[in-house]
Amino acid sequence: MKIMEEIRKSLKEIVKSLISEKKVEYVLGFEEGTLPLKSVPFYIEKEEDIDRLIWNEYCNLNLVKFLLEEPHGKKIGIILKTCEIRSLIVLINEKQINREDIIIIGVPCSYGIIDFNKVSKLLGGKEFSEFTKHGNDYIFKGVDFEKTIKLQDILSDSCVYCKDKKPIEYDYLVKAPNEFKNIKEEDFDEYLDVIEFEKKTPKERWAYFKKELEKCTLCMACRNACPLCYCKTCFIDQNQPQWFDKTDDLSEKMLFHMTRAIHLAGRCTGCEACTRACPEGIDIHLLYKKLRKMTKDRWNVDKIGLGEPSVMGSYKMDDPQEFMVKED
Amino acid sequence: MSLNKGENTMVDTEKSEKIQVMIADENWEPKIIAFLCNWCSYAGADLAGVSRIQYPPNVRVVRVPCSGRIDPLFILKSLQVGWDAVLVSGCHPGDCHYISGNYYARRKFSVLDDLLEFIGIDKGRVNFSWVSAAEGEAFAQIIRKVTERTRKLGPNKIFKEER
Amino acid sequence: MAKKTKKKKQTIETIETIEKIIPKDKLDSLIKGLYKDFKLIVPKEAKNEIEYDYLELDKEEYKFPEYQNLRVSPKKFLFPQKEVLYSFEKEAKKILIKEKEETVEDQIIFGIRSCDARSYKILDTFFSSGKYNDPYYFSKRNKTLLIGLACNEPMSTCFCTSVGGDPFSSEGLDAIIYDLDDKYIFKIISEKGSVFEKYVKEYPNVNKADLKRKEERASSARDKIKFEINLDNIEKDLDGLFESDIWSKVSQRCLSCGACSYICPTCHCFDVQDKSDKNGGKRVRIWDNCQASIFTLEASGHNPRNSGRERTRQRIYHKFNYYLKNYKILGCVGCGRCIKVCPTNRDIRETLKTVVDVAEKV
């Protein structure tokens, strides 16, 4: 896509100026992976490396995760989209990262990020050796098949319903050549998929989650890909007391995901790095999207800015409490 | 819960109707765990006892310093271990001994409540209330309400793990 | 008596040369025949699910699917993710320990690739090392027969030829099927596999032309594996690189998630947990993975593998150095599943290349 090429050119110029003027120790971006449709986090330290930088629909990780290991005081540049900038803001609010240490290069999102698990499902699990783009259609070729798939069917769910395309906090902004729209033509509510899901009966909803979570092997890829899960000892690894023992019961898996969702209430920004990292292809994003809809419905706050108080760490005197049991 | 030993217990809604019939024969009684805050709700429960107010004996009480101490993890773990219902009770808004613990608790529990409803768990397994130290009768009424609600819902099969 | 010994000699000869032609459309009926007498584990026909997996056949209608290799390895049939070791119960003042009662049927894993079959050899060496054999593993292993399917189309991530394997290898298999497009060759390899003789009795023997085609197929399959690396000196190379700083570079992008260990057909680390209440319970063995940050956390609080650098290094060393030292075989079969499943696209082939290149310079 020509637009992606232009964004990549502007990115390269910005990164070049940062590195040659020694404003940062390295810049975090993406480079081409060893398999088609895969990208790899890339630490750009020298000017010769800049040509390997890429920017396209399969830059699928939340790079903010890699900032957490660095010591304070180290200057780092990072290339981020809007939802990832929001997760960085949450980390800055929680005092895990200093704003002065990071130089944010904001990139506007195009249609979104491709979910590799969705591609696998639509190809029946078969391997493809190459792919070509034709407008918004992707043509996948394998050993004995060729299949055309629409971009809308393989985009990450959060990107399909996203209305939040402009970066809100940045030091450098790459301007989109023209206004990026969502892949859906018509107007829609941002939480449409949650609203549709809530129309189902409780039995259907439980059956859906049960079917998805039976595949879980508790590998923790979702937790490790999430930038907001940074506890030194996660509750599931705790030994004294031992809450969960990681055996294969459905109850363990259910409770792990429920508790992780509760810990992320008011903090999750919907980047969906967790869903894309899952090796079993579990679709868990609805649980996390519901968190944002819930904070919006209850307390009127679903997106947090820099310096604003956290949702669970603050309160109002007149918070709704319709769920309380009262005496007659 | 000898009824559940050795059964595959993640909820199978067709089976649970059959089990309901079994329950009626087995004289199942709901088991409810109550986390009560030390300064208000626990004192209220104590007042109910001292005043000889009768309420169902299905409740076991755990005393905590403040309702804000309750991690949603405790509630979920109780459901997994086999309790049929959970009650968390704290001081009325504005009366918390630690000033604002119950406000944070209110937010935490609304998250838990909404999420449990979202994934399809029947409402009524997890209950919250405000009970002050002078409300002995109110505490007893709340226990009666919660016990009846739990009796209608049946034994907890949702999160109970295989043993 | 003389007659009996003569017959025995004859059968030993025929075991080594049973190679039959099976027409393309008869494979499903062969599977049906086997299903009547054995428990059969076959590849699942996946239409649009990511569960490209094995399944235990429970009905007669089954069509053998086309596939390169399945996403999930068959390790779980011999080494399940959760396995009860024994249960215990309190009775009056005594504690009763109950052994697990399990009837293991004879089972066949059908359509397994040569890399997965070799992985069973690696698991065998691990579970039988030292004084004791693991009874839970071997009770299943001794009753499992493997019928392999040679690889005509290796995937882009396969590198079995670099670690001592081959797409047409029959190592570790009891019988193997070669796919020649319009027909199959069914060859019985091991003594245990001689039990299949009666299922293929009616089919004709192979002729020289078929065997020649098989050889052509084998070499074309080998050519399709693009990645080649010489790992003859990998043990010595790694010996000298323990404190090298390449491990920081290699582990920089690793999330320490564990997806690779769970999907790997040779990874075998496990944890033992007790699930109990005051009246009794059971002891359970579950998969564990060395990439978790608390894997080596000791009771004192010290953690020798505290950062990703040490854990990534440990994984490479375990598979390519310690296994060679202890068991004289490589601990990796080159199936490439870890490359496919890693969220950050960490490629073990690149790591091996880095190791070999750096060792050469030193």
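Strands β6 and β7 of chain A run antiparallel, joined by six bridges. Strand β7 spans residues 137–142. One bridge can be picked out by residue: A:E130 has A:K141 in β7(A) as its partner. The model is a predicted one.

The pair belongs to a wider arrangement. In chain A, three strands form an open sheet in the order β6-β7-β8, and the pairing is antiparallel. Which strands stand at the edges? They are β6 (128–134) and β8 (146–150) of chain A. Each has a single partner strand, so one side of each lacks a neighbour in the sheet. Neighbouring strands here are turned by 25° against each other on average, with direction ignored. In general, the strands of a sheet pair through backbone hydrogen bonds, and the pairing is either parallel or antiparallel.

Now to chain C. Its secondary structure comprises eleven helices and eleven strands. Along the principal axes, the C-alpha atoms of chain C fill a box of roughly 70 × 70 × 50 Å.

Of the 362 residues in chain C, 37% count as buried. Buried here means that 20 or more other C-beta atoms lie within 10 Å of the residue's own. How much of the contact set in chain C, counted at a separation of 6 or more, comes from residues 24 or more positions apart? Such pairs account for 72% of those contacts.

Conventions: Residues numbered from 1 in each chain as written. Chains lettered and ligands numbered in written order. Predicted model: local features only at pLDDT ≥ 70, side-chain atom pairs only at ≥ 80, totals over all residues. Helix = DSSP H or I, 4+ residues; strand = E, 2+ residues; numbered from the N terminus. Buried ≥ 20, exposed ≤ 12 C-beta atoms within 10 Å, placed from the backbone. Contact = placed C-beta atoms within 7 Å. Pairing = 2+ DSSP bridges. Axes fitted to C-alpha atoms, helices over the stretch in contact; angles between N-to-C directions.
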